Amino acid sequence: MLCGALAAAQQAPAPIPVPQIQFGIGRATKPQDVALSLQILLLLTVLSLAPTLLVLVTSFTRIIVVLSFVRTALGTQQMPPNQVLVGLALLLTFFVMKPTIDQVNSQAVQPYMQQKISQQVALNRAAQPLRVFMFKQTREKDLDLFYFLSKEPRPRTQADVPTYVLVPAFVISELKTAFEIGFAIYVPFIVIDMAVASILMSMGMMMLPPVIISLPFKILVFVLVDGWNLVVHTLFVSFNR
């Protein structure tokens, strides 16, 4: 038996070596090494700022604010959960931004991947469709505000407007539009709350919180009018006007 065990041990496969990964910082000896290091650093910076860029230069801001208004007006606390609202906002953002994304892909991403244009040219081309989208949604009053704050000379055309002025003007325009839509959503639910509170007061049931009674009615009304369909339709119409 001892001989059999020794023979089996000798025939056993050798263990698979585990690779060792090492990271280090060395001295750059060539200009190409410095350029590559800077490109990697820039790529990591862009990736870390990608969520912020998504919020600031797309339709995400308006959509998530309106969806949050819907949940607050219903009074359902955490229903739908934050993950559901953010996921729905991302999907709706993709639908709204699809024409812009297609232009960025065809004019900047694909030529750059095929090495037909440089990185700087690709960035400039990618910014143009986004700027066109933001100009359509930005109020002139908001642009005037940031020109006043930055003390920049007034532009003659839209091409003369710098991006660092356009982006904050676009964001506050989106917030104003989102609050206008949110106010329109709030009105019918406030009417329901006031009606329920008046009925309870007339019945002498002042100790009973009106929210307990009005919440089922608000949910019922929202379901009967197909509220989610109306909200999404209103959002899309607000971007296409």
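The questions below concern the salt bridges of this predicted model.

Q: How many salt bridges does a search of the whole structure find?
A: Side chains of opposite charge can pair when their charged atoms come close. In this predicted model, one of the pairs joins Asp102 and Lys98, and a search of the whole structure gives a total of three.

Q: Which residue meets Glu174 in a salt bridge, and in which helix does that residue lie?
A: The side chain of Glu174 meets that of Arg62, with 2.4 Å from N to O. Glu174 belongs to helix H7 (residues 163-202), whereas Arg62 belongs to another stretch, so the pair ties together parts that are 112 residues apart in sequence. Both residues of this pair, Glu174 and Arg62, are buried. The partner asked for is therefore Arg62, and its helix is H3 (residues 60-74).

Q: By about how much of the helix are Asp102 and Lys98 separated?
A: The side chains of Asp102 and Lys98 form a salt bridge at 3.0 Å, N to O. Because the two residues are four residues apart in helix H4 (residues 82-113), Asp102 and Lys98 are separated by about one helical turn.

Note on methods. Residues are numbered from 1 along each chain as its sequence is written. This is a predicted model: local features need pLDDT of at least 70, side-chain atom pairs count only at pLDDT 80 or more; totals for chains, interfaces and linings use all residues. Side-chain values use heavy atoms; hydrogens and water are left out. A salt bridge is a side-chain nitrogen of Lys or Arg within 4 Å of a carboxyl oxygen of Asp or Glu. Buried means under 20% relative accessible area, exposed over 50%, partly exposed in between (1.4 Å probe, protein chains only).
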